[in-house]
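Please read this report with the sequence and the 3D view side by side. Its sections can be followed one at a time.

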Amino acid sequence: METTLRGVGVSHGVAIGEVRHMGTAVLEPPAREVPAEEAEREKGRARKAVEAVAADLMARGNLAGGEAQAVLEAQAMMAQDPELMADVERRIAESSTAERAVYDAFAAYRELLAAAGEYLAGRVADLDDVRNRIVARLLGVPMPGVPDSDEPYVLVARDLAPADTALLDPTLVLGFVTEEGGPTSHSAILARALGVPAVVALPGAGELAEGTLIAVDGGTGEIFVNPSEEKKAQLEAAAAARRAALSSSTGPGVTADGHTVPLLANIGGPADVPAAVEAGAEGVGLFRTEFLFLDDSKNAPSEEKQVAAYRQVLEAFPEGRVVVRVLDAGADKPLDFLTPADEPNPALGVRGLRSLLDHPEVLRTQLSALVKASEGLSVHLEVMAPMVADRADAKAFADACREAGLHAKFGAMVEIPSAALRARSILQEVEFLSLGTNDLAQYTFAADRQVGAVSRLQDPWQPALLDLVALSAEAAKAEGKSCGVCGEAASDPLLASVLTGLGVTSLSMGAASIPYVRAALAKFTLAQCERAAAAARATDSAEEARRAAQAVLSGE
Ligand code: PEP
Ligand code: MG
């Protein structure tokens with residue numbers, strides 16, 4: 001019998017296939033005493049397993065490229081953490097087996113992380129994944145992870161570790177469904193980068209029986225279990241119509257009546273550029289430079305390394321626009337050399353621009369690398385700061401850009417409600433705004449973006465979030481300046497039309513979403529988008545806002 005479940009759709013498209021669960025068996029090795037004379041051999045086994053797992057993660061990273069690569073490399077570093085290794089060896093010296101010592105050492109480290117606050121949830125999942133891989137290797141059992149299958153399937157998991165999402169083969173993995181994670185979690189961002197339909201925060205996903213036929217709608221977040229023939233035909237027809245509309249949509253972003261809205265790509269580094277170019281991105285609206293810094297959380301990358309990475313990206317868009325965001329460290333992206341270790345609530349602590357203002361040498365190096373990387377190029381370089389709270393922040397950033405001699409537009413991200421409320425005052429210091437709707441939702445609703453249980457409040461259709469977008473866009477218009485969106489909200493085609501109606505001047509998203517958004521925009525006039533935006537803002541919930549906009553745009 002057909003049943004319908006509802007999670008949060010985070011990556012467009014429809015996938016119909018059988019459920020295959022992720023291999024997540026918790027491998028608890030038995031506690032067994034090892035005689036002292038075998039300790040050295042056990043230490044050698046542990047070291048070899050750690051090295052092999054780190055090498056495997058690096059190799060997966062190389063295969064995956066882009067943002068996924070940086071995440072996998074960070075996991076490889078975790079595996080080789082000298083303090084963890086010293087703890088493993090100490091436990092072996094106290095007569096543990098290699099596998100038990102690894103298991104216990106990681107458990108101790110995990111407890112430290114978990115006690116440090118919920119924001120580290122994503123890191124804990126990464127750490128567990130590394131531990132499971134090392135223990136599986138030591139026990140000689142199959143690696144946890146993506147199931148072995150020659151037939152296409154829908155992958156179901158509690159949460160997907162970056163090591164696994166990076167390896168999802170879009171020709172075999174039709175889509176994925178997870179029990180945890182929110183619309184702006186790391187997994188959701190990676191799913192969009194891969195272009196795989198995905199639904200997250202689905203309660204009870206783990207109980208779907210292996211082999212059950214399900215249909216996943218990554219747009220609406222609906223999962224149809226045992227869909228009827230009629231439902232399958234209906235979903236397939238809708239998906240086919242969508243594909244046809246997509247293949248006929250090319251060129252710049254423009255509404256049906258010719259109002260242009262540049263469609264830009266979100267990237268994590270040079271490896272993401274080919275997909276952006278292929279999707280017809282008119283430039284880059286968000287270059288998350290922190291991925292260059294994740295390789296080594298103890299030191300900043302050298303100026304030369306930064307110049308090379310920036311130059312590669314800038315050269316790819318000779319006449320386009322490239323918006324580089326300076327380092328956004330802290331909270332869910334801590335860096336040892338910047339982020340205080342003992343903050344009670346890191347999402348509200350020294351992160352983003354705040355940590356750069358505390359470490360001006362890091363900002364100076366980054367800006368100087370951008371000056372060098374852009375020399376002699378015709379690209380329109382724009383540089384923006386994350387987590388700008390007020391005019392003083394915006395001024396400090398603009399001053400640093402001027403001192404560095406940067407020939408670029410300077411901008412501020414609107415991620416904190418205070419910045420939206422006082423956008424006009426911020427615009428006295430900078431030339432553009434870019435709405436980071438992921439963090440803006442997190443701070444507006446006091447809802448941690450890593451926590452699945454509060455994903456309802458992370459929904460960018462929330463009317464309060466639309467109000468803040470409208471305030472920012474109106475302020476920019478009044479100042480004759482631009483206001484784009486680079487948060488995940490821009491990748492939802494219906495919402496992209498509403499954002500356009502709210503006065504947003506550009507939309508930046510993962511490359512895979514660009515064709516969907518381009519096709520949606522082309523269907524409606526600016527006046528229709530404005531009516532849809534007004535209807536959405538007149539409601540009291542995300543669900544009503546979505547329905548109201550849909551009703552206006554479908555002429556109901
Ligand atoms: C945002 O917060 O919306 C944003 C674009 O930045 P990030 O997702 O990297 O925090
Ligand atoms: Mg942000």
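## The model and its magnesium ion

The structure is a predicted model. Ligand 2 is a magnesium ion, and Glu 415 (OE) and Asp 439 (OD) coordinate the ion at 2.0 Å. Glu 415 sits in the loop between β13 (409-414) and α15 (417-421), while Asp 439 belongs to helix α17 (residues 437-445), so the pair ties together parts that are 24 residues apart in sequence.

Are these two residues buried or exposed? A residue counts as buried when its relative accessible area is under 20%. Glu 415 has a relative accessible area of 2% and is therefore buried. Asp 439 is also at 2% relative accessibility, so Asp 439 counts as buried.

## The surroundings of ligand 1

How many residues surround ligand 1? There are 14, and the closest are Arg 288, Arg 325, Gly 436, Asn 438 and Arg 449.

Some distances to oxygen atoms of ligand 1 can be given. For Thr 437, a backbone N or O atom lies 3.1 Å from an oxygen atom of the ligand. For Asn 438, a polar backbone atom is 2.8 Å from an oxygen atom of ligand 1. For Arg 449, the atom concerned is a polar side-chain atom, and it lies 2.8 Å from an oxygen atom of ligand 1.

## Helix α21

Helix α21 (residues 526-537) has 12 residues. At 1.5 Å a residue the helix should span 16 Å, and its end C-alpha atoms are 16 Å apart, which agrees.

Which residues of α21 are buried? They are Leu 526, Cys 529, Ala 532, Ala 533 and Ala 536. These residues cover an arc of only 120° around the axis, which means that they are on the same side of α21.

## Helix α11

Helix α11 (residues 303-315) is made of 13 residues. From its first C-alpha to its last, α11 reaches 18 Å, close to the 18 Å expected at 1.5 Å a residue. Buried residues of α11 include Glu 303, Gln 306, Val 307 and Ala 309. Tyr 310, Val 313 and Leu 314 are also among them.

## Lys 43 and Glu 89

Lys 43 lies in helix α1 (residues 39-64). Its relative accessibility is 14%, so Lys 43 counts as buried. Apart from neighbours within four places in sequence, Lys 43 is in contact with Glu 89, Ile 92 and Ala 93.

Glu 89 is part of helix α3. With a relative accessible area of 21%, Glu 89 is partly exposed. Not counting residues up to four places away in sequence, Glu 89 touches Lys 43 and Arg 47. With Arg 47 there is a polar contact between the two side chains, at 2.6 Å. Glu 89 and Ala 392 are 303 residues apart along the chain, and their C-alpha atoms are separated by 50 Å.

Val 124 is found in helix α5 (residues 121-139). Val 124 counts as buried, at 9% relative accessibility. Leaving aside neighbours within four places in sequence, Val 124 is in contact with Arg 110, Leu 113 and Ala 114. Between the C-alpha atoms of Val 124 and Arg 91 there are 21 Å, and the two residues are 33 residues apart along the chain.

Asp 217 is in strand β7 (residues 213-217). This residue is buried, with a relative accessible area of 13%. Which residues does Asp 217 touch, not counting those up to four places away in sequence? They are Gly 13, Val 14, Val 199, Glu 222 and Leu 235.

## Two residues with positive phi

Ser 95 has a phi near 85°, a positive value in a residue other than glycine. Ser 95 is in the loop between α3 (82-93) and α4 (98-115).

Ala 201 also has a positive phi, near 55°, and is again a residue other than glycine. Ala 201 lies in the loop between β6 (198-200) and β7. With a relative accessible area of 12%, Ala 201 is buried.

Conventions:
Residues numbered from 1 in each chain as written. Chains lettered and ligands numbered in written order. Predicted model: local features only at pLDDT ≥ 70, side-chain atom pairs only at ≥ 80, totals over all residues. Heavy atoms only, no water. Helix = DSSP H or I, 4+ residues; strand = E, 2+ residues; numbered from the N terminus. Expected span 1.5 Å × (residues − 1). Buried < 20%, exposed > 50% of the residue type's maximum accessible area, 1.4 Å probe, protein only. Arc of directions from axis to C-beta. Donors = N, O, S within 2.8 Å, 3.2 Å for Na, K, Ca; no water. Near = heavy atom within 4 Å. Polar contact = N/O pair within 3.5 Å; in protein donor to acceptor, adjacent residues only side chain to side chain. Contact = heavy atoms within 4.5 Å.
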